[in-house]
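Let's take a friendly walk through this model, one question at a time. Keep the viewer open as you read.

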Amino acid sequence: MTDPEDEAEEAPETGFDGSTHAEPMRAYVLHPDLKSDRSRRLPEHGLAEAVSLAEALPEMEVVGSEVVRLPRVQPGMLFGSGKVEELKARLKGLDVGLVLVDGPVSPVQQRNLEKEWGVKLLDRTGLILEIFADRARTNEGRLQVELAALSYQRTRLVRAWTHLERQRGGFGFVGGPGETQIEADRRAIDDQVLRIKRQLEKVVKTRELHRASRRKVPFPIVALVGYTNAGKSTLFNRATGADVLAKDMLFATLDPTMRGVALPSGRKIILSDTVGFISDLPTQLVAAFRATLEEVLEADLILHVRDISHPETAEQAKDVADILSSLGVKAGTPMFEIWNKLDLVEGAARDALVAQAAKSDSAFALSALTGEGLEELLEAVSRAFDEEKTDRSLTLGFEDGRRRAWLHEEGVVLDETQSDEGYALNVRWTARQEKRYREL
């Protein structure tokens, strides 16, 4: 008789959809470049990010990738018939078992393409869910991923079942012919969602108790936020001496970590490392991880970590700003921009970044890997909590665009209204910031 423990060890790992990952699956990545899409991103950079996402899963081997120019979306197959045939031959030649489409794919398109190509297919949301399922370590993280996955699966039952037209139930005397299989499956998923939400409510209550306890401790909270792989965990480790997983990989860490840090002035703070953001983050995940991301709402200071060496660092920063806004981060919350990975920038570009950061009170060029510039950042964090702040009301004409932009960059604007004459702003700033404003 086989030992049950031996059987458990031999059982292959499964993803949220039940797929097995006993051996690396050969994957091909497609990035649709829709003609009507006015995205900020270059398609080549989008493809590179999609490949990095795929490589973040250890059970996946990327054997090819390409940008697919898409004049318009085909409702049934996403791509045109000619492109579908061309890709079919390519996938067969490479012995591909999984196709990753970096964008939304409807359930019908997914079903049709899987049937035509004879492969498994995941869209961007499905891939990110797989990564999150692989990385979540805490009980809360696993529950949040499961909740997001169920919400995603509920919309795609048409793919999971081939017998949805068949109905089952009673004899048809009461209530018609009975419920369809898809209705039963949706009801089963809804029951699981309800169960998980109840479990999460308990976790959220516990987290709120922890927050309430921290509010009684006179230590400010500083939250690290940023695009995934910007170097948040490396900076966290460098500043705290912790050993959080830090790898050149998208979503290397998911679960939030908090540590105490003693600043140069002797003041103590609590530093919080949060999950990384990404463009087109699935709405299911934003909703599911809201409880975790709400740590940012409690922060007294936000450090926005940017990979300043990335060709689309400005676009990534905009994505982070959009997510922070959707979370409800207050406009007046102080924020520093951390221009990380300075060690990867060379020559004149590096000198320009250092000079630009030196002229700002809220931007810091550094390398979390080497520690360069970290001391200046920690000293600035000390000053941010030591300096007294005052509230002021300002009126700016439309011609004062430079001053208005500076105020927003410094993160001192509490609220702003626009009139026919210009802008009325309420700001909260330090005496040093007020002095710099007057000198503009």
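Q: The charged end of R403 sits over which ring?
A: This is a predicted model, so its side-chain pairs are counted only at pLDDT 80 or more. With that in mind, look at R403: its charged end lies 4.7 Å from the centre of a ring, and that is within the 6 Å cut-off. The ring belongs to Y437.

Q: Which ring does the charged end of R404 sit over?
A: Here the charged end of R404 is 4.2 Å from the ring centre. The residue that carries this ring is Y423.

Q: Is the aromatic pair of W406 and Y437 stacked, tilted or edge-to-face?
A: A pair of aromatic rings is described by the distance of the centres and the angle of the planes. For W406 and Y437 the centres are 6.3 Å apart, with 40° between the planes. Stacked needs under 30 degrees and edge-to-face over 60. The pair of W406 and Y437 is therefore tilted.

Q: How many residues apart are W406 and Y437, and where do they lie?
A: W406 is in helix α15 (residues 401-410), and Y437 is in helix α16 (residues 431-438). The pair links distant parts of the chain, with W406 and Y437 separated by 31 residues.

Q: Is Y437 buried or exposed?
A: Buried means under 20% relative accessible area. Y437 has a relative accessible area of 2%, so Y437 is buried.

Q: Which residue joins W406 and Y437 in a cluster of ring pairs?
A: Ring pairs link W406 and Y437 with one further residue into a cluster.

Q: Why does the pair of F79 and W117 count as stacked?
A: The structure holds five aromatic pairs. In the one formed by F79 and W117, the ring centres are 6.4 Å apart. This pair is stacked because its planes are at 25°, and the cut-off is under 30 degrees.

Q: Which parts of the chain do F79 and W117 link?
A: The two residues are 38 residues apart. F79 is in the loop between β2 (60-70) and α3 (81-93), while W117 is in helix α4 (residues 107-117).

Q: Are D307 and K341 buried or exposed?
A: D307 forms a salt bridge with K341, with the closest N and O atoms 3.6 Å apart. D307 lies in strand β8 (residues 301-307), and K341 lies in the loop between β9 (335-340) and α13 (347-358). Both D307 and K341 are buried.

Q: How many residues apart in sequence are R392 and E434?
A: R392 and E434 form a salt bridge, with 3.7 Å between the closest N and O atoms. R392 lies in strand β11 (residues 389-397) and E434 in helix α16, so the pair ties together parts whose separation in sequence is 42 residues.

Q: How many salt bridges does a search of the whole structure find?
A: Among the residues involved, E66, K83, E86 and R90 are linked in a network of salt bridges. Over the whole structure, the search finds 19.

Technical notes:
Residues are numbered from 1 along each chain as its sequence is written. This is a predicted model: local features need pLDDT of at least 70, side-chain atom pairs count only at pLDDT 80 or more; totals for chains, interfaces and linings use all residues. Side-chain values use heavy atoms; hydrogens and water are left out. Rings of Phe, Tyr and Trp (its six-membered ring) pair if their centres lie within 6.5 Å; planes under 30 degrees apart count as stacked, over 60 as edge-to-face and the rest as tilted. Helices (H or I, at least four residues) and strands (E, at least two) are DSSP runs, numbered from the N terminus. Buried means under 20% relative accessible area, exposed over 50%, partly exposed in between (1.4 Å probe, protein chains only). A charge sits over a ring if NZ of Lys or CZ of Arg is within 6 Å of the ring centre and within 35 degrees of the ring normal. A salt bridge is a side-chain nitrogen of Lys or Arg within 4 Å of a carboxyl oxygen of Asp or Glu.
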